[in-house]
Amino acid sequence: MNLRHSTALRAIAYGTFYRLPLVLRRRIVRAVVPKYVVGSVVFVHDSEAPAPGRLLLLRQPPGVSWTLPAGLLQRREAPIDGALRELHEETGLKLTREDLVPATPNAIVHAKGWVDMCYHAFVPASTAPVHADGAEVLELRWYALDDLPKLSPATGRLLGMFGIGPAAAPGAVPAIPTRR
């Protein structure tokens, strides 16, 4: 098939598609377009820690590795609001939108069909009111960036993308914004 025929067929297909009722077009798009699950992740940094810094990590059931505070967004929930909600549910920290700094990059698209919206927060570990609920979160602990515990595979890959932990590229500089 030559380019002219291909263009003509595409024009007919698009013309037909856009004549369909909106509700039918949406159903077709939803059936054909890849779907992503979206969640928010917060890198909680100890604002009092000397370089290289410390992160708040949590251990969830079954409790064999450590993760970052994170969770899926609720329907129509803004990523930053989901990050704040999950952070509060999992750690007890009650922060505001102004307390979160979007990570660079802010959105990480994973090959397996999910998107993490990433944020940084800086809190003083000595006075931060963190606690584990004993059900969803078994334990919370601050870890130096150069002495991280066994991380979940997803957490290890995500931290590595930001130049942190054993999955970081050799010689990578951690992508951590300036403390507020």
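This report looks at salt bridges, surface patches and a few backbone details in one predicted protein model.

Residues are numbered from 1 along each chain as its sequence is written, and side-chain values use heavy atoms, with hydrogens and water left out. In this predicted model, local features need pLDDT of at least 70 and side-chain atom pairs count only at pLDDT 80 or more, while totals for chains, interfaces and linings use all residues.

## Salt bridges

Side chains of opposite charge can pair when their charged atoms come close. A salt bridge here is a side-chain nitrogen of Lys or Arg within 4 Å of a carboxyl oxygen of Asp or Glu. By this rule the model has seven salt bridges.

Helices (H or I, at least four residues) and strands (E, at least two) are DSSP runs, numbered from the N terminus.

Arginine 97 sits in the loop between helix H3 (79–91) and strand E5 (100–109), and aspartate 81 in helix H3, so the pair ties together parts that are 16 residues apart in sequence.

How covered are these side chains? Buried means under 20% relative accessible area, exposed over 50%, and partly exposed in between (1.4 Å probe, protein chains only). Arginine 97 is partly exposed at 43%. Aspartate 81 is partly exposed too, at 29%. Glutamate 86 is buried at 7%, and arginine 85 is buried at 18%. Arginine 85 and glutamate 86 also belong to a salt-bridge network with Glu77 and Glu89.

## Surface patches

Patches are made of residues with over 30% relative accessible area and no salt bridge; like charges are joined within 9 Å, nonpolar side chains (Val, Leu, Ile, Met, Phe, Trp, Tyr) within 5 Å. Accessible areas come from the Shrake-Rupley method with a 1.4 Å probe, and for residues only the protein chains shown count as cover. Lys and Arg count as positive, Asp and Glu as negative; His and the chain ends are not counted. The place of a charge is NZ of Lys, CZ of Arg, CG of Asp or CD of Glu.

Arg26, Arg30, Lys35, Arg75 and Arg76 gather in a positive patch on the surface. Arginine 26 lies in helix H2 (residues 22–32) and is partly exposed at 46%. Arginine 76 lies in the loop between strand E4 (70–72) and H3. Arginine 76 is exposed at 77%. Its phi is near 65°, a positive value in a residue other than glycine.

Val23, Leu24, Ile28, Val29, Val32 and Val33 form a nonpolar surface patch, with about 480 Å² of accessible area together. Valine 29 lies in helix H2 and is partly exposed at 37%.

## Backbone details

Which peptide bond from alanine 51 is cis? The bond to proline 52, with omega near 10°. Proline 52 lies in the loop between E1 and E2. Glycine 53 is in the loop between E1 and E2 and is buried at 6%. Another cis peptide bond joins proline 61 and proline 62, with omega about 10°.
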